[in-house]
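Me: I have a protein model open and would like to learn how to read it. Could you walk me through its features, one at a time?

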Amino acid sequence: QVQLVESGGGLVQPGGALRLSCAASGFTFSLYSMSWYRQAPGKERELLASISDTGSSTNYADFVKGRFTISRDNAKNTVYLQMSSLKPEDTAVYYCFASFLKRTYWGQGAQVTVSS
């Protein structure tokens, strides 16, 4: 059975940092491009960052460029999102997403709250 399980979320102060992890199982992780999305209450889900199957290529939304870094470790079947200089506006549920050709999978989401 396919699983994408996010971890590392929680409460962090403004200006702080947090690393999210997404552990994959049940499919050939190294064939899939991986992405991070987030969704705040009352807002649409938005794409934050993507990384190619080998990790050789990355793409970022303009509003997180320079603060967020996506990476992956295919030996561990895990993709990461390193977040720094966090703002209250970053508060949202963060989702892991896998894609290969026409096949896609979503994680269940992890809550990130940025507050004093």
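Reply: Gladly! Keep in mind that this is a predicted model. Let's begin with an open sheet of 4 strands, which has the order β1-β3-β8-β7 and antiparallel pairing.

Me: Which strands stand at the edges of this sheet, and why is one side of each left without a neighbour?

Reply: The general idea comes first: strands of a sheet pair through backbone hydrogen bonds, either parallel or antiparallel. Here the edges are β1 (3-7) and β7 (68-73); each has a single partner strand, so one side of each has no neighbour in the sheet. From one strand to the next, the twist averages 15°.

Me: How many bridges join each pair of strands, starting with β1 and β3?

Reply: Going across the sheet, β1 and β3 (residues 18-25) pair in the antiparallel sense over 5 bridges. Within that pair, S7 has S21 in β3 as its bridge partner. Next, β3 and β8 run antiparallel and are joined by 6 bridges, with C22 partnered by V79 in β8. Finally, β7 and β8 pair in the antiparallel sense over 6 bridges, and there S71 stands opposite Y80 in β8.

Me: Is β8 enclosed or open to the outside, and how many of its residues are buried?

Reply: To read this, look at relative accessible area: under 20% means buried, and over 50% means exposed. In β8, 5 of the 6 residues are buried, so this strand is largely enclosed by the rest of the structure.

Me: Which residues touch the most other members of the largest nonpolar core?

Reply: That core has 30 residues, and L4, M34, W36, V79, L81, M83 and Y94 touch the most other members. At least two core residues come from each of β3, β4 (33-39), β5 (46-51), β7, β8 (78-83), β9 and β11 (110-114).

Me: What does a search for disulfides find?

Reply: In the whole structure there is 1 disulfide. It joins C22 to C96, with 2.1 Å from S to S. The angle about the S-S bond is -85°, and the link is left-handed. C22 belongs to strand β3 and C96 to strand β9, so the pair ties together parts that are 74 residues apart in sequence.

Me: Are C22 and C96 buried or exposed?

Reply: C22 is buried, with a relative accessible area of 0%. C96 counts as buried too, at 0% relative accessibility.

Me: How many aromatic pairs are there, and how do I read one?

Reply: A pair of aromatic rings is described by the distance of the centres and the angle of the planes. The count here comes to 9 aromatic pairs. One of them is formed by F27 and Y105: the centres are 5.1 Å apart, the planes make an angle of 35°, and the pair is tilted. F27 sits in the loop between β3 and β4 and Y105 in strand β10 (residues 103-106), so this pair ties together parts that are 78 residues apart in sequence. F27 is buried at 13% relative accessibility, and Y105 is buried at 18%. Ring pairs also link F27, F29, Y32, F100 and Y105 into a cluster.

Me: Where is S99, and what is it in contact with?

Reply: S99 has its place in strand β9 (residues 92-100). Leaving aside neighbours within four places in sequence, S99 is in contact with Y32, S33 and T104. With 19% relative accessibility, S99 counts as buried, because the cut-off is under 20%.

Note on methods: Residues are numbered from 1 along each chain as its sequence is written. This is a predicted model: local features need pLDDT of at least 70, side-chain atom pairs count only at pLDDT 80 or more; totals for chains, interfaces and linings use all residues. Side-chain values use heavy atoms; hydrogens and water are left out. Two strands pair if DSSP finds at least two bridges between them. Axes are lines fitted to C-alpha atoms, for helices over the stretch in contact, and angles run from 0 to 180 degrees between N-to-C directions. Buried means under 20% relative accessible area, exposed over 50%, partly exposed in between (1.4 Å probe, protein chains only). Contact means heavy atoms within 4.5 Å. A nonpolar core is a set of buried Ala, Val, Leu, Ile, Met, Phe, Trp, Tyr and Cys residues joined through side-chain atoms within 4.5 Å. A disulfide is a pair of cysteine sulfur atoms within 2.5 Å. Rings of Phe, Tyr and Trp (its six-membered ring) pair if their centres lie within 6.5 Å; planes under 30 degrees apart count as stacked, over 60 as edge-to-face and the rest as tilted.
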